[in-house]
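Hi,

Here is the model I promised to pass on.

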Amino acid sequence: MFCKINHECVLTVPSAPVDAEPVAFYSYIASDITHQQPTHLTLIYDNVKLNKGNGYHGDDGIFIVPHTGTYAFAWTLGVSNVGWVTTEIVINGQKYGRAFADGDDQTADLGFGTGFVIAEVNVGDHVYIRTHDNSHPVLFGDGVTSFSGWKLY
């Protein structure tokens, strides 16, 4: 607050610091995966639609944190009626959350799953999705199986 000579006072509020660049990414697996996936295989979401901050790497499936902060991460899974997959989100080699999808081979229903976490991460941290154990999918591509993240603050 500052006051003028005539005693009129004005309240000033400092502005919150703003990152120079927002961080957000969205990517998906382009083609169906039709073979069994081994345990702890990093999934590569190779079709990158949004990559503000350039943290997501579609060649290896890893998001490298460009700015320290609190982030939200979401991933979706779609499997055939005879498929199933268990995945986990990993931050610097440590499991942070898990998601599962299982098709129903009795009714020919497809299986879908979603994972969502909020995490405090630092510049240079590695975040990725990997299989938790041996899966037996047809893990659908073309936008059905996706990975995204964005900085909250």
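Let me start with W150, which is partly exposed, with a relative accessible area of 33%. For the wording: buried is under 20% relative accessible area, exposed is over 50%, and partly exposed is in between, with a 1.4 Å probe and protein chains only. W150 sits in strand 12. Strands here are DSSP runs of E with at least two residues, helices are runs of H or I with at least four residues, and both are numbered from the N terminus.

Before you go further, this is a predicted model, so local features need pLDDT of at least 70 and side-chain atom pairs count only at pLDDT 80 or more, while totals for chains, interfaces and linings use all residues. Residues are numbered from 1 along each chain as its sequence is written, and side-chain values use heavy atoms, with hydrogens and water left out.

Now the overall picture. The chain has 12 strands and zero helices, so if you read the elements from the N terminus on, you get β-β-β-β-β-β-β-β-β-β-β-β. Of the 153 residues, 41% are buried. Among contacts with a separation of 6 or more, 70% are between residues 24 or more positions apart; contact means heavy atoms within 4.5 Å. The accessible surface comes to about 8400 Å², and carbon and sulfur atoms own 55% of that. Those areas come from the Shrake-Rupley method with a 1.4 Å probe, and for residues only the protein chains shown count as cover.

Back to W150, which belongs to a nonpolar surface patch together with F116, I118, L152 and Y153; the accessible area of the patch is about 550 Å². Patches are built from residues with over 30% relative accessible area and no salt bridge, joining nonpolar side chains (Val, Leu, Ile, Met, Phe, Trp, Tyr) within 5 Å and like charges within 9 Å. Y153 lies in the segment after strand 12 (146-151). Y153 is exposed, at a relative accessible area of 66%. Leaving out residues up to four places away in sequence, Y153 touches G69 and T70.

D105 is in the loop between strand 9 (94-102) and strand 10 (111-121).

How many salt bridges does the rule give? The count is one, where a salt bridge is a side-chain nitrogen of Lys or Arg within 4 Å of a carboxyl oxygen of Asp or Glu. The pair is E88 with R130, and their closest N and O atoms are 2.7 Å apart. This links distant parts of the chain, as E88 is in strand 8 (residues 84-91) and R130 in strand 11 (residues 126-131), 42 residues apart. Both E88 and R130 are buried.

Some loop residues to look at:

- D125 is in the loop between strand 10 and strand 11 and is buried, with a relative accessible area of 12%. Setting aside neighbours within four places in sequence, D125 is in contact with F63, I64, V65 and N92. For D125 and N92, 33 residues apart along the chain, the C-alpha separation is 6.0 Å.
- N92 itself is in the loop between strand 8 and strand 9, and is partly exposed at 41% relative accessible area. N92 has a positive phi of about 50° without being a glycine.
- N54 is not a glycine either, and has a positive phi of about 55°. N54 is in the loop between strand 4 (47-52) and strand 5 (56-57) and is exposed, at 56%.
- D46 is in the loop between strand 3 (24-28) and strand 4, partly exposed with a relative accessible area of 44%. Not counting residues up to four places away in sequence, D46 touches Y28, I29, A30 and G58.

As background for the phi values, most residues other than glycine have a negative phi.

Cheers
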